[in-house]
Amino acid sequence: MLSFFTLKFHALKAKPSLNPVSYTPLKILCYYYNSTDNNVDDNNIKNGCNTPISPPPQKQHLQQQSLVRSICSLVCESYSQQTPHVRLLQSPSINLSVNPDSLTHEQAITVVASLASEAGSMVALSFFNWAIGFPKFRYFMRFYIVCATSFIGNENFERAHEVMDCMVRVFAEIGKFQEAVNMVIEMENHGLVLTVRTLNCVTGVAGEMGLVDYAENMFDEMRVRGVCPDSVSYKLMAIAYCRMGRISDTDRWLKDMVRRGFVVDNATCTLMISTFCEKGFASRVFWYFDKWVELGLKPNLINFTSLINGLCKRGSIKQAFEMLEEMVKKGWKPNVYTHTALIDGLCKKGWTEKAFRLFLKLVRSDDYKPNVHTYTSMIHGYCKEDKLNRAEMLLSRMKEQGLVPNTKTYTCLIDGHSKAGNFEKAYELMDLMGKEGFSANIFTYNAFIDSLCKKGRFLEACKLLKKGFRLGLQADTVTYTILISELCRRADTREALVFFSKMFKAGVQPDMHTYNTLIAAFSRQRRMEESEKLFAEAVGLGLVPTKETYTSMICGYCRDRNVSLALKFFNRMSDHGCTPDSLTYGALISGLCKESKLDEACLLYEAMVDKGLSPCEVTRLTLAYEYCKQDDSATAMVILERLDKKLWIRTVNTLIRKLCSERKVGMAVLFFHKLLDKDQNVDRVTLTAFTTACYESNKYALVSDLSERISKGIG
């Protein structure tokens, strides 16, 4: 490694005939400078030109000496003209009327080393900052090393670290980040002790580049070398993982921060809230928020607005308004973004009237007015509820206020009209977008083709999509999934797989919804081998199976009368954080009933009800009917007793009709009398079915007894 003293030594060795005693260190370095590049005189510097000349060797060295002296003099003069405030800056800079091309690399090294020795580190740093403004010196690593080594010689370690940090950031720009980091670590052998500042610089840059594994390795290596990480170190690691969407790793670092008593800043707090909520981990980040407040974080308006937005996105509107109240108590006044988040949340919940009242409050406010995003949220809400006239009215109002609708605004309207089957109007809006200078994006096309597919206009959807491709659009995951879903709905799994293959060839990564669509289609066709392969492939790609994935697999196995595998998948659901719902339980209960495993089916039914899940009518009816087939009406009645009165009456009516269709009138009459005990309002369809079955089975007495009881109104 070249240091200031090494440079000086080589210079002296090169010219032994001179007497260094009569020179100051600056003069010695200038005189003994060993140049291999262009030569310029003082006039060249002032004029900013670079005219090659070939003077005699002695004169050449004198000119080089004069050049370095002149530049040093200019630097000192420029630095002295700076105000005291500017001089105290962390990275002082100067203005030099010097053409950087007139300086060679070696001359720049000599200038910075000379300035550090004669004028001090701050003056040398000002020249350094000027020089690295030009690519010629910016990506010359030895320049950084000599500068830092000179500062080490002055025992100005803070400025040496500043230079090394700068080197790491600069060389990351040209893909030489790791080489720069290795040089920083090597500098420890030359007196520059690694500090937490070094660690934070390296991890920060690595995180920005997405090199999180390298950052974590460096984090561990620095600790081994005696560097003690601070709150910034942990924060930078958490931010790096968060920006990559790796929530589990982010959670690991945030947890460690909380354990050590470290608190994040407001900007990091906002990033964490936004990312965690976007990825579906709102509850987790709200827990962290409470912890950070306990540790001393003072939330600002942006933090509160992010929390409110996160709560609204997951549908927790009541909690969002509670957070709004807390925010106001803390002295923060909600702005247009806070209100827009609440309006958007209310609209997504289907509460457009409440949203509109809040919207009007914003319209009448003297402080804030609705912006494009506010109007778009309201328009989207009305389009979802098929209130297209109101949506159009808001669009007109928006333009009257001087606001320009954006692509998202038009996409909401196109989506609303196309879902309602108003395709002519949707095409008109798409044309209007173009006239107003907006280009329909892939989200616009996705909304349109989805509605076309659902209305059975698949060929028209494909034609529209081809038009988008001609305009330069690229299909995304949603586009392919829409087309695959439509083909699966038509039971054309072969063509669906063709599109699935095209997806990979186009470099588009399928998501779990794409796989769910195909798995469900194959499961419906009892082609469980294909479903299994798709399930394994999705997991292999790092995708996480959802409740819908497992339910499709369980349904498929039950249709295929393979309940043992269905139970295996049911028990694996917790591995991926999935909780079965009433559909999952219902599919498995139905499968067990088909194989006459009524005890297991009954246990699952009880477990489902204990968890607060309401079994669907098919599940209730299937289980009760299977017990009736076994002549165990008592157990069937016990199973149904846990239902509320309304569900019980509906299920028993259906069960009676089912039993009558199978001519099991003896058992049907037991449930009919039980029904009359709870409800005197006899269902006419049920009574007709019972009467018909009794007549066909020659059970006239049953009809007579029941009719007598109904006529007497006994219940």
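The model is predicted, so local features need pLDDT of at least 70 and side-chain atom pairs count only at pLDDT 80 or more, while totals for chains, interfaces and linings use all residues. Residues are numbered from 1 along each chain as its sequence is written, and side-chain values use heavy atoms, with hydrogens and water left out.

**Overall make-up**

- The chain holds 41 helices and zero strands; these are DSSP runs numbered from the N terminus, with helices being H or I of at least four residues and strands E of at least two.
- Taking contacts (heavy atoms within 4.5 Å) between residues at least 6 apart in sequence, 63% join residues at least 24 apart.
- The accessible surface comes to about 34500 Å², and carbon and sulfur atoms account for 52% of that area; areas come from the Shrake-Rupley method with a 1.4 Å probe, and for residues only the protein chains shown count as cover.

**Nonpolar core**

- The largest nonpolar core has 225 residues, of which Phe127, Phe128, Phe143, Tyr144 and Phe671 touch the most other members.
- Such a core is a set of buried Ala, Val, Leu, Ile, Met, Phe, Trp, Tyr and Cys residues joined through side-chain atoms within 4.5 Å.

**Salt bridges**

- The structure holds 38 salt bridges, each a side-chain nitrogen of Lys or Arg within 4 Å of a carboxyl oxygen of Asp or Glu.
- Arg225 and Glu188 form one of them, at 3.0 Å from N to O.
- This pair links distant parts of the chain, 37 residues apart: Arg225 is in the loop between α13 (212-224) and α14 (231-243), and Glu188 is in the loop between α11 (177-186) and α12 (196-208).
- Arg225 is partly exposed at 39% relative accessible area, and Glu188 is partly exposed at 26%; partly exposed lies between the buried cut-off and exposed, which is over 50%, using a 1.4 Å probe and protein chains only.
- Asp249 and Arg252 meet at 2.9 Å, N to O, and both lie in helix α15 (residues 247-260), three residues apart, or about one turn of the helix.
- Within that pair, Asp249 is buried at 15%, whereas Arg252 is partly exposed at 36%.
- Asp249 and Arg252 also belong to a salt-bridge network with Glu216 and Arg246.
- Another salt bridge joins Arg457 and Glu460 at 2.7 Å, N to O; Arg457 is partly exposed at 34%, and Glu460 is partly exposed at 23%.

- The largest pocket has a volume of about 580 Å³.
- Of its 20 lining residues, the closest to the centre are Asp344, Lys348, Thr376, Ser377 and Lys408.
- Two or more lining residues come from each of α18 (301-313), α20, α22 (372-384), α24 (407-419) and α26 (442-454), and α20 gives the most, with five.
- A pocket here is an open set of points on a 1 Å grid over the protein atoms alone, where a 1.4 Å probe fits, with protein on both sides within 12 Å along at least five of seven lines; lining residues have an atom within 4 Å of a point.
- Grid points are joined across faces, edges and corners, and the volume is the space filled by probe spheres set on the points.
- His339 is found in helix α20 (residues 336-348) and is buried, with a relative accessible area of 11%.
- Setting aside neighbours within four places in sequence, His339 is in contact with Pro334, Leu358 and Leu362.

Methods:
Buried < 20%, exposed > 50% of the residue type's maximum accessible area, 1.4 Å probe, protein only.
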